[in-house]
Each structure stands twice: as structure tokens, then as C-alpha cells.
Amino acid sequence: MTVNFIRTAFASREFLEEVFQNINAQSCPKCFNFHMHTVYSDGKLHPCGLMEQAIAIGLEGLAITDHHSISGYQVAKQWLEDWQWSNPGVRIPHLWSGVEINANLLGIEVHILAYAFDTTHPSIKPYIQRRVTTGEEYQAANVITAIQKAGGLAVLAHPARYRKSHLELIPAAAELGINGVETFYAYNNPKPWQPSMTESQQSQQLAAEYGLYNTCGTDTHGLSLLQRL
């Protein structure tokens, strides 16, 4: 059973890496969305309603990234399995495990997104207790290591939203072994959603320079997966 589970987990990560290799400015929010919140952290959507929207939009894949919690993901996963059972043959989006983790990088607080990790792995446990960690567990290097030990991918969320420049933070995160950066992000909450051009271009250039994956996400906190708020 252990071997089978590990194979499944790695396949999910490998598939996600393939997706990340092809993410561009048009990928989000109607093909993929890797950043969203539910009532299990600071969002307004219930996981079931979120998944109904994901199917209605026609998303190919997504990740629920509640702050320090995987409860929303677990509810959504069960709902999706039940829905698939009741709707055989209907194409459904791929749902990866996800969580958003606060961490210290270059002396400021940043957010690191974790994807496709084994939710039962001991290394990820401190980060899914619905609270911000402290001490060594709060350091970005240790957060990234913990995610990767659990078989997951670590991504720097919305790099241009912090007290230090993304031009400084992305290289620092890359040096710590982070896997990717949330390149395509809408910083001013435009309607309709579209990634901020300058920040996205700069982040994409740095991702290419440091060999990082590009990701995208709406960072939904409201009632629509097509908007942030």
C-alpha cells in the first residue's frame, strides 16, 4: 500500500510539473487556477460551491490553498469523488493538494504555496495546523524543505506584494531551492481578471534566469473563482 501511494503522489507531482512548464498569461482563470481560499481560512466560498464553479468554468486543474489548512481541500476532494461517481464519463478538473504558508524571507514575511504534497507526511504537519509557525519552522528555507520532503512543489506567492522588491525576493527564494513563482497575478484586482503586465514580465524573466516554474492564480477570497475579491 505504501509503494502504491508513493507512486500516485509522484505521478500527481509529475503531472503538475508538466502543467507548470506550459503556464502563460492566458492560463488563468479559465484553464488553470492555483490560488484560492475557502471558508476554512479567509475565503467566502464553501469547498463544494468552489468545485461546482470550477466544473462550470471548465477548469482543467486547480489547487485550494487555504492558509495553514488542508480542510477545504479535503472536503473538496471528497465532493469531487462523489460527483464523479454520480456523473460517470464527465470530464472533471484535476485537484491537487495545496496550502499557503507564512514564512520569513530576507527578514520580511512572505507567503509560500505548497502543491501536490502528501498531506499525511510528517514534514508538512506543522504547516497545516491553522496557525502561523514560529522559530525555525517559520524560516523560508525550512518551509521549502518541508514541502519538498512531503513530495510537493514550493512556489513563492504574489512576489510583488511584499515590503521588499520581487526583483530581490525571487532570486533569494531561488537560492533556497524554491520550485516556482506565482508569475501571473492580478495585483490591482482588475475586472475582468488579468495578470499585471510589468510585474508578470519581470517575474517571468527571473523565473527563466533561475530555472523556476511559472504559475498563476486568482487568489480568490470572495464568491467568484474569476476574481480575487
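Tutor: What follows goes through the salt bridges one by one, then turns to a pocket.

This is a predicted model, so local features need pLDDT of at least 70 and side-chain atom pairs count only at pLDDT 80 or more, while totals for chains, interfaces and linings use all residues. Residues are numbered from 1 along each chain as its sequence is written, and side-chain values use heavy atoms, with hydrogens and water left out.

A search of the whole structure gives 5 salt bridges. The criterion is a side-chain nitrogen of Lys or Arg within 4 Å of a carboxyl oxygen of Asp or Glu.

Take Arg91 and Glu60. Their closest N and O atoms are 4.0 Å apart. The two residues sit 31 residues apart, and the pair links distant parts of the chain. Arg91 is in the loop between α3 (71–86) and β3 (94–96). Glu60 is in the loop between α2 (47–57) and β2 (61–63). Helices (H or I, at least four residues) and strands (E, at least two) are DSSP runs, numbered from the N terminus. Arg91 is exposed at 67% relative accessible area. Glu60 is partly exposed at 35%. Here buried means under 20% relative accessible area, exposed over 50%, and partly exposed in between (1.4 Å probe, protein chains only).

Both residues also line the second largest pocket. Its volume is about 150 Å³. Pockets are found on a 1 Å grid over the protein atoms alone: each is an open set of points where a 1.4 Å probe fits, with protein on both sides within 12 Å along at least five of seven lines, and lining residues have an atom within 4 Å of a point. Grid points are joined across faces, edges and corners, and the volume is the space filled by probe spheres set on them. Other lining residues include Phe15, Phe32, Ile92 and Trp96. By class, the lining has 7 nonpolar, 3 polar and 2 charged residues.

Next, Glu81 and Lys77. Their side chains meet at 2.9 Å, N to O. They are 4 residues apart in helix α3, so about one helical turn separates them. Glu81 is partly exposed at 37%. Lys77 is also partly exposed, at 37%.

Last, Arg161 and Asp219 form a salt bridge at 3.3 Å, N to O. Arg161 lies in the loop between β6 (153–156) and α5 (166–175), and Asp219 in the segment after β8 (213–216), so the pair ties together parts 58 residues apart in sequence. Arg161 is partly exposed at 39%, whereas Asp219 is buried at 2%. Shared partners join Arg161, Asp219 and Arg228 into one salt-bridge network.

Conventions. Nonpolar A, V, L, I, M, F, W, Y, C, P; charged D, E, K, R; others polar.
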